Amino acid sequence: MAAWTRGSRTTQRCPACRAPVIKQLVGERAALNVIADLTPLTPAQQAELREPNRLIWCLRTNSLGQQRLLWLDPWHPPDCRRGDHVAEHRCPPAEPTTLF
Ligand SMILES: [Zn+2]
Ligand SMILES: [Zn+2]
């Protein structure tokens, strides 16, 4: 009952493609406005997605149910069990409109 009275939820939708994403300010000094996907990635998918322009984050959920993105240090294990690893959100390429 009253399942809807949840605490602060950071998940929302991408204004462009409507995909569910998590939006958060990360970092202490130079805060970075991060938009990340909510789909957990396998270690293989992380290796595939890892590139200089796309960051991968560790999505932790605390005891209050609040989700927080954590920066992945180089030594962070790709198969860590403390959170889901998610990639920075990128909108999928627009569907080609089928116009005659
Ligand atoms: Zn992790
Ligand atoms: Zn999008």
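The side chains of histidine 76 and histidine 85 are joined by a polar contact of 3.1 Å. A polar contact is a pair of N or O atoms within 3.5 Å; within protein, one of the two must be able to donate a hydrogen and the other to accept it, and residues adjacent in sequence count only if both atoms are side-chain atoms. The model is predicted, with pLDDT of at least 70 required for local features and 80 or more for side-chain atom pairs, while totals for chains, interfaces and linings use all residues. Residues are numbered from 1 along each chain as its sequence is written, chains are lettered from A and ligands numbered from 1 in the order in which they are written, and side-chain values use heavy atoms, leaving out hydrogens and water.

Histidine 76 is placed in the loop between E5 and E6, whereas histidine 85 belongs to strand E6. Strands (E, at least two residues) and helices (H or I, at least four) are DSSP runs, numbered from the N terminus. The relative accessible area of histidine 76 is 15% and that of histidine 85 is 3%. Both residues therefore count as buried, a term that means under 20% relative accessible area, with exposed meaning over 50% and partly exposed in between (1.4 Å probe, protein chains only).

Cysteine 58, like histidine 76, is buried. Donors are N, O and S atoms within 2.8 Å of the metal (3.2 Å for Na, K and Ca); water is not among the atoms, so sites may look incomplete. Four donors count as tetrahedral if all angles lie between 85 and 135 degrees; four count as square planar and six as octahedral if opposite donors are over 155 degrees apart and all others between 65 and 115, and anything else is irregular.

What coordinates the zinc ion (ligand 2)? Cys14 (SG), Cys17 (SG), His89 (NE2) and Cys91 (SG) do so, at 2.1 to 2.4 Å. The site of the zinc ion (ligand 2) is tetrahedral, with angles of 99 to 117° among its four donor atoms. Its donor residues are spaced C-x2-C-x71-H-x1-C in sequence. Histidine 89 is buried at a relative accessible area of 12%, whereas cysteine 91, at 39%, counts as partly exposed.

The protein chain as a whole contains one helix and six strands, which follow one another in the pattern β-β-β-α-β-β-β. Of its 100 residues, 25% count as buried.

Finally, there is the lining of the largest pocket to consider. Strand E2 (20–26) and strand E5 (67–71) each supply at least two residues of this lining, and E5 gives the most, with four.
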